[in-house]
Amino acid sequence: MTFKDLGIIEPILRALEAEGYAHPTPIQEQSIPILLRRKDLLGCAQTGTGKTAAFAIPILQHLFLNRNRNKGRRKIQALVVTPTRELAIQIGEGFSTYGKFTGIRNTVIYGGVKQGQQTDALSRGVDVLVATPGRLLDLIDQGYITLKDVKFSVLDEADHMLDMGFIHDIRKVIQKLPAERQSLFFSATMPPAIMDLSRKILGNPEKVTIQPEQATAEKVEQAVYFVSKRGKIKLLIHLLKKKPVSSALIFSRTKHGADKIVKMLRRADIQAEAIHGNKSQGARQRALGNFKSGRSSILVATDIAARGIDVEEISHVINYDLPNVSETYIHRIGRTGRAQASGIAWSFCNEEEKAYLRDIQKLINQRIPVIADHPYLDYEIDEPVQVKAKPTTKPRKPYQQSRSGNAGGGGGTKKRRQYYPRQRG
Ligand code: AMP
């Protein structure tokens, strides 16, 4: 099967060829014909499957073929709503890449930055708008955007929209769309709340499902390391130093945890950067840019910040913490093994996370091989992580930790106890 067989027009074929896309991915093969027939689509697929091209190509084709009917000032005819700015930027890049010989113009809007450049681009006129929900509604309210000419609407990563609390914003956006339009709805998972939402948006859609297992788990070489919470950082440093890891995306459950991992890696002379919601937009884009260009090879991220990170050739995904939602595991390991590439995913699992591991294995219907041969297998739970102390001439002050309760036999009153870092060597 080729893109030509799917009926894709020449200017888009030329762009796909320039990108080196020889064959459509399964989601493209299944969705493109439906979308070219102007049917609504409910797509159960995650990022990493080639989903962006699956919707961008047919939209570009429709807009290109009808370009003469829409002479005059450009109007927003296609709207893509997606949960994060990183995803929005990637989707915008997809439209620019696949549409570079069509003359169809897109712009991307998202929050967390000044709106000037975005409103300037909108005033120049665009055919395709890619947006995160908050900024979209904001610019609609300010009168910079009207959705009355939209003929194609895409709701991307609907399950994440819900997780991130965007449901009310989405409802408001839907109300502003013309009834006569082609609607596309994508979600990696389809819990009842998502099915409900899809029914409000779509009219008798065709369905396409790309099984997560099909998409990722089969292509990714997975392994699990049993290791205590405190042994994790040592194991990570050990693996990064001993194994051929050309680029790694490391997942931490918390923002604070991500910063801590970066700090510890740097102390072990391993350069790494963190990306998470507490970082400024500039810092996030910079860290992502460095990682994409290969200037930095290790990125530590939280799930939300890493959503949709589209970096080809991530050799390793490392689950420093196992996710408590099994689907997240699939999202994570899908960051490696993209499109035609294969990848490696390592998971660190401590005692408390064993239940998560069981759920994940059930979901992917696979037993993840255990690597028992590593030096931190029996690493003592209470062993403190050794931190290289900064040289100092002053004696170290003991640090204090407040404890409530009767740990010191204080008869229930709050007591302060002093703790001294254990001296080593
Ligand atoms: P997406 O799911 O849209 O984020 O796409 C995942 C990755 O696959 C991106 O890096 C795309 O550039 C790439 N890709 C999409 N479609 C194809 C294709 N037909 N052939 C090769 N690579 C593709």
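I'll start with T189, which sits in the loop between strand 6 and helix 9 (192-201); helices (H or I, at least four residues) and strands (E, at least two) are DSSP runs, numbered from the N terminus. Before going on: this is a predicted model, where local features need pLDDT of at least 70, side-chain atom pairs count only at pLDDT 80 or more, and totals for chains, interfaces and linings use all residues. Residues are numbered from 1 along each chain as its sequence is written, and side-chain values use heavy atoms, with hydrogens and water left out.

Is T189 buried or exposed? T189 counts as buried because its relative accessibility is 17%; buried means under 20% relative accessible area, exposed over 50%, partly exposed in between, with a 1.4 Å probe and protein chains only. Leaving aside neighbours within four places in sequence, T189 is in contact (heavy atoms within 4.5 Å) with D159, I194 and E327.

Not counting residues up to four places away in sequence, I8 touches F3, L13, I32, L36, I57 and Q61.
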